[in-house]
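Hi everyone, thanks for making the time. I'd like to walk you through one structure today, so please have a look at it on the screen before I start talking.

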Amino acid sequence: MSATQEISPGLVIRRVKPPLRLTDFKLIAFDMDSTLINIECIDEIADAVGKKAEVAAITEATMRGEIKDFKESLRRRVALLKGVPVEALQQVYDERLKLNPGAAELVSACKAAGLKVLLVSGGFTFFANRVKDRLGIDFARSNLLDEADSKLTGEVVTQSWGDICDGAEKRRTLLEVASLMGISPQETIAVGDGANDLPMMGEAGLSVAYHAKPKVREQAMVAINEGGLDRLLEILR
């Protein structure tokens with residue numbers, strides 16, 4: 001078996017031999033922006049104040065791994081949102097945010113097989129909590145935007161676990177939830193698309209890249225390059 005194998009158009013595997021059993025896993029962790037959902041929320045919020053190009057350029061460089069410090073990158077982008085009315089978040093949610101194809105189907109299949117579902121995002125609680133409720137996800141961790149007088153202050157609120165959910169925090173959260181569930185990292189699946197997903201993907205028993213940056217595709221055991229998230233079910237029975 002070659003190191004990398006395209007088992008059907010747009011579905012690539014490496015270091016794994018399908019079919020795997022979904023029931024061999026107990027936890028699946030998803031990134032949110034551009035993985036479970038179709039947008040980068042921060043870019044769309046910035047669009048509300050005419051700063052999308054500035055913010056998107058930083059997002060893109062970060063996702064490609066060119067800006068190494070995700071926390072610094074996020075702080076720079078959030079600072080550009082200062083003064084955005086909080087209602088702009090609801091507008092982004094209502095008008096722009098859609099679940100990616102196959103997201104609901106994959107989450108349902110995982111839950112039916114007894115897996116717990118974790119959403120761990122460098123995005124924001126406003127969106128993460130709504131996506132969590134919409135999909136019936138068990139746990140979520142994400143960043144909290146500070147607000148005052150119904151406007152964003154351009155800062156992130158420190159939460160009980162820390163200030164910014166970056167790659168290291170995603171990894172820590174995956175391992176922490178696995179530990180609390182009494183399972184090994186080998187019994188987890190991690191799904192993401194950007195450089196800050198690599199630390200958690202590196203710990204998981206199965207790592208999945210969804211329409212991901214080249215660097216992420218190259219390191220994942222499964223790369224879904226075409227079609228929806230539910231294509232993972234072509235490998236997991």
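This is a predicted model: local features need pLDDT of at least 70, side-chain atom pairs count only at pLDDT 80 or more; totals for chains, interfaces and linings use all residues.

As for V216, twelve residues apart from A204 along the chain, the two C-alpha atoms are separated by 14 Å.

Now let's step back to the sheet. It is an open sheet of nine strands with mixed pairing, and the order is β1-β2-β9-β8-β7-β3-β4-β5-β6. At the edges are β1, residues 4–8, and β6, each of which pairs on one side only. On average, neighbouring strands here are turned by 25° against each other, ignoring direction.

Let me take you through part of that order, starting with β3. With β7, β3 pairs in the parallel sense over four bridges, and F30 has V191 in β7 as its bridge partner. With β4, β3 also runs parallel, joined by four bridges, and here L27 has K116 in β4 as its bridge partner.

F124 stands opposite N143 in β5.

Then we come to β5 and β6. Strand β5, residues 139–148, and strand β6, residues 151–157, run antiparallel and are joined by four bridges. A148 stands opposite K151 in β6. The two strands form a hairpin with two residues between them. In that turn, D149 has a positive phi of about 55°, although D149 is not a glycine. Is D149 buried or exposed? Its relative accessibility is 74%, so D149 counts as exposed, the cut-off being over 50%.

S34, in the loop between β3 and α1, is a residue other than glycine with a positive phi, near 70°. At 21% relative accessibility, S34 counts as partly exposed. And then there is a cis peptide bond, from P18 to P19, with omega near -5°. P19 has its place in the loop between β2, residues 11–14, and β3.

Helix α7, residues 167–181, lies across β3, β4, β5 and β7, and runs at about 160° to β4.

That brings me to the interior. As a general point, nonpolar side chains in soluble globular proteins tend to be buried together. The largest nonpolar core here has 62 residues, of which L36, I45, F127, I189, L206 and L232 touch the most other members. Which helix gives the most to this core? That is α6, residues 125–135, with five residues. Apart from this core lies another, of 21 residues, and A29, A178, M201 and A204 are among them.

Leaving aside neighbours within four places in sequence, its contacts include F30, L99, V107, L119, V131, L135, I137 and L229. D31, K98 and N100 are also among the contacts of L36.

I'll finish with the aromatic rings. The structure holds one aromatic pair. The ring centres of F126 and F127 are 5.1 Å apart and the planes are at 75°, so the pair is edge-to-face. Both F126 and F127 are buried. What sits over the ring of F126? The charged end of R130 does, 3.6 Å from the ring centre.

Definitions and conventions
Residues are numbered from 1 along each chain as its sequence is written. Side-chain values use heavy atoms; hydrogens and water are left out. Rings of Phe, Tyr and Trp (its six-membered ring) pair if their centres lie within 6.5 Å; planes under 30 degrees apart count as stacked, over 60 as edge-to-face and the rest as tilted. Buried means under 20% relative accessible area, exposed over 50%, partly exposed in between (1.4 Å probe, protein chains only). A charge sits over a ring if NZ of Lys or CZ of Arg is within 6 Å of the ring centre and within 35 degrees of the ring normal. A nonpolar core is a set of buried Ala, Val, Leu, Ile, Met, Phe, Trp, Tyr and Cys residues joined through side-chain atoms within 4.5 Å. Contact means heavy atoms within 4.5 Å. Two strands pair if DSSP finds at least two bridges between them. Axes are lines fitted to C-alpha atoms, for helices over the stretch in contact, and angles run from 0 to 180 degrees between N-to-C directions.
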